[in-house]
Amino acid sequence: MGTPETSREPCPDRILDDVGGAFGMGAVGGSAFHFLKGLYNSPSGQRFIGGAEAVRMNAPRVGGSFAVWGGLFSTFDCAMVYARQKEDPWNSIISGAATGGILSMRQGLRPAVRSAAMGGVLLAMIEGAGIMLNKFMSAQQPMPIMIDEGAQMPETSNSSGWFGGLFGGKEEEVKPSVHTEVLESFDTPIPPTFEFN
């Protein structure tokens, strides 16, 4: 099972993928939120129309805001992967801080620094939860059975029916026909390459 970093698209394509995913997530979440808000704020008899109108006016705006955040975050993440030549949680934490700071830049230096700190802390908590979940899930998986090829298999009777062993069936030694190799794990960190053949 690969880590989330190794199962994602390569870096230039990742930006467009994250922008689309963030827009979809923001549009769906914004639709649900604004539909319920429109239902609550509309007069009796006009609730469904009010909810639909609130979705029409607000869901694209929320989706667009999520898309901008996702695009900036993914761009900073790819820049960090390129600069550091490795993919680890620090890339996401630094990218979250940079995204929060850039999006709050128009309000001044102090709010930008505050947003950058909040973005870094939020992404650190998300990455920490992901690491803990991965460790918990890997601890739950059973260990693979290792077969020593030098060990002898016990002798078994090769009978041709239920009563074959009782009435003089021949005992034959069964030779193991399984060849077992231990392969390298797919979770080993490999520095990303940006060369396309």
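**Aromatic pairs and salt bridges in the predicted model**

F35 has a relative accessible area of 24% and is therefore partly exposed (buried means under 20% relative accessible area, exposed over 50%, partly exposed in between, with a 1.4 Å probe and protein chains only). The model is predicted, so local features need pLDDT of at least 70 and side-chain atom pairs count only at pLDDT 80 or more, while totals for chains, interfaces and linings use all residues. Residues are numbered from 1 along each chain as its sequence is written, and side-chain values use heavy atoms, with hydrogens and water left out.

A pair of aromatic rings is described by the distance of the centres and the angle of the planes. Rings of Phe, Tyr and Trp (its six-membered ring) pair if their centres lie within 6.5 Å; planes under 30 degrees apart count as stacked, over 60 as edge-to-face and the rest as tilted. F35 belongs to helix α1 (residues 11–41) and F48 to helix α2 (residues 47–84), so that the pair links distant parts of the chain, 13 residues apart (helices, H or I, at least four residues, and strands, E, at least two, are DSSP runs numbered from the N terminus). F48 is exposed, at 59% relative accessibility. The other pair, W69 and F73, is stacked, with 5.2 Å from centre to centre and 10° between the planes. Both residues lie in helix α2, four residues apart, about one turn of the helix. W69 is partly exposed at 34% relative accessibility, whereas F73 is buried at 11%.

Side chains of opposite charge can pair when their charged atoms come close. The structure holds four salt bridges (a side-chain nitrogen of Lys or Arg within 4 Å of a carboxyl oxygen of Asp or Glu). In one of them, D77 pairs with R14, and the closest N and O atoms are 3.2 Å apart. Because D77 lies in helix α2 and R14 in helix α1, this bridge ties together parts 63 residues apart in sequence. D77 is buried at 4% relative accessibility, and R14 is buried at 3%. R14 also forms a salt bridge with E87, with the closest N and O atoms 3.3 Å apart. A further salt bridge joins R84 and D88 at 2.6 Å, N to O. Through shared partners, salt bridges join R14, D77 and E87 into one network.
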